[in-house]
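Please look at the sequence and the structure before reading on.

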Amino acid sequence: MKIVMLGAPGAGKGTQAKRIAEKYHLPHISTGDIFRANLREGTELGLKAKEYMDAGALVPDSLTVELLLDRVAKDDCRDGYVLDGFPRTIAQADVLTDALAKSGDKVDLAINIDVPDEHIQRRMSGRRSCPQCGQGYHTEFNPPKEEGVCDKCGAALIQRDDDKPETVAKRLQVYHEQTQPLIEYYEKAGVLKTIDGTKPMDEVFADITALF
Ligand code: AMP
């Protein structure tokens, strides 16, 4: 099953994408995670991507599209995957649609996690992540067992540079201009399901699993 996650930054699509991937034994593919892993490793791609990420802008397609197509061509993706953060523009969605069409395939399900803008700022301000293993947390909705410490690897948690308030405002603007049109795109393709993302995390997940 090939799944695309849609939703504003901070809607909780990353958390839900990981849970779907775990439950249905599918690889979780997050372009944002790939860029951040590259940055931790100090690669050229990571350093280039950071300039855009810190500004709340999209990383150009020249750095993003091939990376994603190479990833979904890997063996572990044969039975499907959960895409989190890709596509983010109509152009990216077209690339994915065309690549899949070559093997008579298509996206099976686009899950739109709907959260109004008013909720987003509060959610984003509480987000924390582990600089070592990438695990995400929220001070209010998904706190680690010990404040400020990663449950998985024990590293000190940080706030992502792109979760700072000024960057959040820009990311929301970019979302509305460039990514939101994908809701209509996948609706027309007949694969869109919209979920109320303002509910508690476990309820959102239950609503998602009811789609399968
Ligand atoms: P995310 O972790 O999905 O919120 O992504 C963090 C940042 O990475 C975004 O704000 C963009 O700067 C960049 N990014 C992630 N995925 C994409 C994509 N598909 N196209 C362009 N930029 C992306």
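## Aromatic pairs

A search of the whole structure finds 2 aromatic pairs, where rings of Phe, Tyr and Trp (its six-membered ring) pair if their centres lie within 6.5 Å, and planes under 30 degrees apart count as stacked, over 60 as edge-to-face and the rest as tilted. This is a predicted model, in which local features need pLDDT of at least 70 and side-chain atom pairs count only at pLDDT 80 or more, while totals for chains, interfaces and linings use all residues. Residues are numbered from 1 along each chain as its sequence is written, and side-chain values use heavy atoms, with hydrogens and water left out.

Tyrosine 24 and phenylalanine 212 are stacked, at 4.1 Å centre to centre and with 10 degrees between the planes. Because tyrosine 24 lies in helix 1 (residues 13–24) and phenylalanine 212 in the segment after helix 9 (201–209), the pair ties together parts that are 188 residues apart in sequence; helices here are DSSP runs of H or I with at least four residues, and strands are runs of E with at least two, numbered from the N terminus. The rings of tyrosine 185 and tyrosine 186 have centres 5.0 Å apart and planes at 75 degrees, so this pair is edge-to-face.

An open sheet of 5 strands has the order 2-3-1-4-7 with parallel pairing, two strands being paired if DSSP finds at least two bridges between them. Strand 2 (28–30) and strand 7 (192–196) stand at the edges with a single partner strand each, so one side of each is left without a neighbour in the sheet. Strand 4 (residues 109–114) runs parallel to strand 7 and is joined to strand 7 by 5 bridges.
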